[in-house]
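Here is a friendly walk through one protein chain, with the sequence and structure to hand. Please keep the view open as you read.

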Amino acid sequence: ELKKKSEEYASSQGFKLNPDDKIVNFVIKGLLKNKKEKGELYCPCRRVTGNKEEDIKIICPCIFHLEEIKKQKHCHCNLFVK
């Protein structure tokens with residue numbers, strides 16, 4: 001379900017999920033683990049600090065992903081690619 005929602009989001013923004021299913025599955029598992037353990041879909045490649053104001057920035061899709069995709073053609077965790 002999360003993968004499908006991520007695909008829909010990516011499509012609506014003009015990019016897509018990484019074509020490498022291993023990477024996508026790894027990131028999705030990390031997101032789900034963070035949701036279970038920390039209560040939010042925190043990006044698995046960023047450190048949760050415990051400061052809610054700071055950590056809200058790294059809930060997937062994080063506030064950094066659009067600029068990263070623009071500059072690097074992918075977000076930091078490689079879930080989304082151009």
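Predicted model: local features only at pLDDT ≥ 70, side-chain atom pairs only at ≥ 80, totals over all residues.

## The nonpolar core

Let's begin on the inside. The largest nonpolar core has 14 residues, and the ones with the most contacts inside it are Ile28, Leu31, Cys75, Cys77, Leu79 and Phe80. Helix H1 (2–13) and helix H2 (21–38) each supply at least two residues of this core. H2 gives the largest share, with 4 residues.

Setting aside neighbours within four places in sequence, Ile28 is in contact with Leu2, Lys3, Ser6 and Leu79.

How many disulfides does the model count? The count comes to 0.

Cys43 is buried, with a relative accessible area of 4%, and Cys77 is buried at 13%.

## Salt bridges

The model has 5 salt bridges. Among them is the pair Lys3 and Asp21, whose closest N and O atoms are 3.4 Å apart. Lys3 sits in helix H1 and Asp21 in helix H2, so this pair ties together parts that are 18 residues apart in sequence. Lys3 is partly exposed, at 28% relative accessibility, and Asp21 is partly exposed as well, at 44%.

Another salt bridge joins the side chains of Glu1 and Lys5, at 3.4 Å from N to O; Glu1 is exposed, with a relative accessible area of 74%. In helix H4 (residues 65–72), Glu67 and Lys71 lie 4 residues apart, about one turn of the helix. Their side chains meet in a salt bridge of 3.9 Å, N to O. Glu67 is partly exposed at 39%, while Lys71 is exposed at 65%.

## A buried aspartate

Where does Asp55 lie? Asp55 belongs to helix H3 (residues 52–55). Asp55 is buried yet has no salt bridge, and the nearest side chain of opposite charge, that of Arg47, is 7.9 Å away. Not counting residues up to four places away in sequence, Asp55 touches Tyr42, Arg47, Val48, Thr49 and Gly50.

Technical notes
Residues numbered from 1 in each chain as written. Heavy atoms only, no water. Buried < 20%, exposed > 50% of the residue type's maximum accessible area, 1.4 Å probe, protein only. Lys, Arg positive; Asp, Glu negative; His and termini not counted. Salt bridge = Lys/Arg side-chain N within 4 Å of Asp/Glu carboxyl O. Contact = heavy atoms within 4.5 Å. Core = buried A, V, L, I, M, F, W, Y, C linked by side-chain atoms within 4.5 Å. Disulfide = S-S within 2.5 Å.
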